[in-house]
Amino acid sequence: PGTAIRNGFAGATCISGNPIPQFTLGAPGIVCQGANINLRANTSTTGVTYAWTGPNGFTSNSAILSIPDVTSTNAGTYTVTPSLPGCPGTPVSFNLVVRPAPGIVKNPDTSFCDGSVVLLDPVPFGGEETFYQWSTGDADSTLFVSSPGTYIVTATLGLCQLSDTIEVTSNPVPAALVFSGDSLVCPGSDA
């Protein structure tokens, strides 16, 4: 039998004799849309169970909060409460802010004919606050290329970045046809 005390003091015990569960949580706070979140509630006490709640009816009983491919619908307040039999711990909450990802659309690899140019345009949307940087050093949202190679564009919106790699190949121009001599072909005959 332990001493009845208020939850939240390290090393304290509940009436059941179990220590009050204490833990730390390294919450991300701000993440970019499309990120993966894996948070672990860390405690040195064995046998602790966890009850998570969050936006849009989110619940989980895992020690690890896992949210793949975060979207704006995942934004909001998350609360985790650790417990031992008969001893609920102090709930800890954090607010998850989801920043929008920069406007970039993944492009398929492309090719062009030798001697011509191809436009790489991975950004049909994005807004004025999105900044672009190409592996060539160019800082426009689009890039004209006349050489085959690997081109990488990175779009930045606030603290969020997204990149795309585009492979560009060139195809030889077919040889020109050369006709020699005068030929007259009549309908129905072979030339």
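Which residue in β15 stands opposite Leu-157? In this predicted model, the residue opposite Leu-157 is Cys-160. Residues are numbered from 1 along each chain as its sequence is written. Local features need a pLDDT of at least 70, side-chain atom pairs count only at pLDDT 80 or more, and totals for chains, interfaces and linings use all residues, while side-chain values rest on heavy atoms, without hydrogens and water.

The protein has an average pLDDT of 78 (the predictor's confidence in each residue, from 0 to 100). A score of at least 70 is reached by 75% of the residues. Among the strands (DSSP runs of E, at least two residues, numbered from the N terminus), confidence is lowest in β1 (residues 24-25), with a mean of 58. It is highest in β5 (residues 59-60), at 93. The pLDDT is below 50 over residues 1-13. Beyond near neighbours in sequence, this stretch has 30 contacts in the model (heavy atoms within 4.5 Å). Where pLDDT is low, the predicted coordinates should not be read in detail.

Four strands form an open sheet in the order β10-β15-β14-β12, with mixed pairing (two strands pair if DSSP finds at least two bridges between them). The edges are β10 (110-113) and β12 (131-134). Each has a single partner strand, so one side of each lacks a neighbour in the sheet. Direction ignored, neighbouring strands are turned by 25° against each other on average (axes are lines fitted to C-alpha atoms, and angles run from 0 to 180 degrees between N-to-C directions).

Strands β14 (residues 149-157) and β15 (residues 160-171) run antiparallel and are joined by nine bridges. Val-153 has Asp-164 in β15 as its bridge partner. Two residues lie between the strands of this hairpin, and Gly-158 takes a positive phi near 65°. β10 and β15 run parallel, joined by four bridges. Ser-111 stands opposite Thr-169 in β15.

Two aromatic pairs are counted (ring centres of Phe, Tyr or the six-membered ring of Trp within 6.5 Å; planes under 30 degrees apart are stacked, over 60 edge-to-face, the rest tilted). Phe-58 and Tyr-78 have ring centres 5.6 Å apart and planes at 70°, so this pair is edge-to-face. Phe-58 lies in the loop between β4 (49-53) and β5, and Tyr-78 in β7 (residues 76-84), 20 residues apart. Phe-58 is partly exposed at 23% relative accessibility, whereas Tyr-78 is buried at 1% (buried is under 20% relative accessible area, exposed over 50%, partly exposed in between; 1.4 Å probe, protein chains only). Tyr-78 and Phe-94 are stacked, at 5.7 Å centre to centre and 15° between the planes. Phe-94 is also buried. Ring pairs link Phe-58, Tyr-78 and Phe-94 into a cluster.
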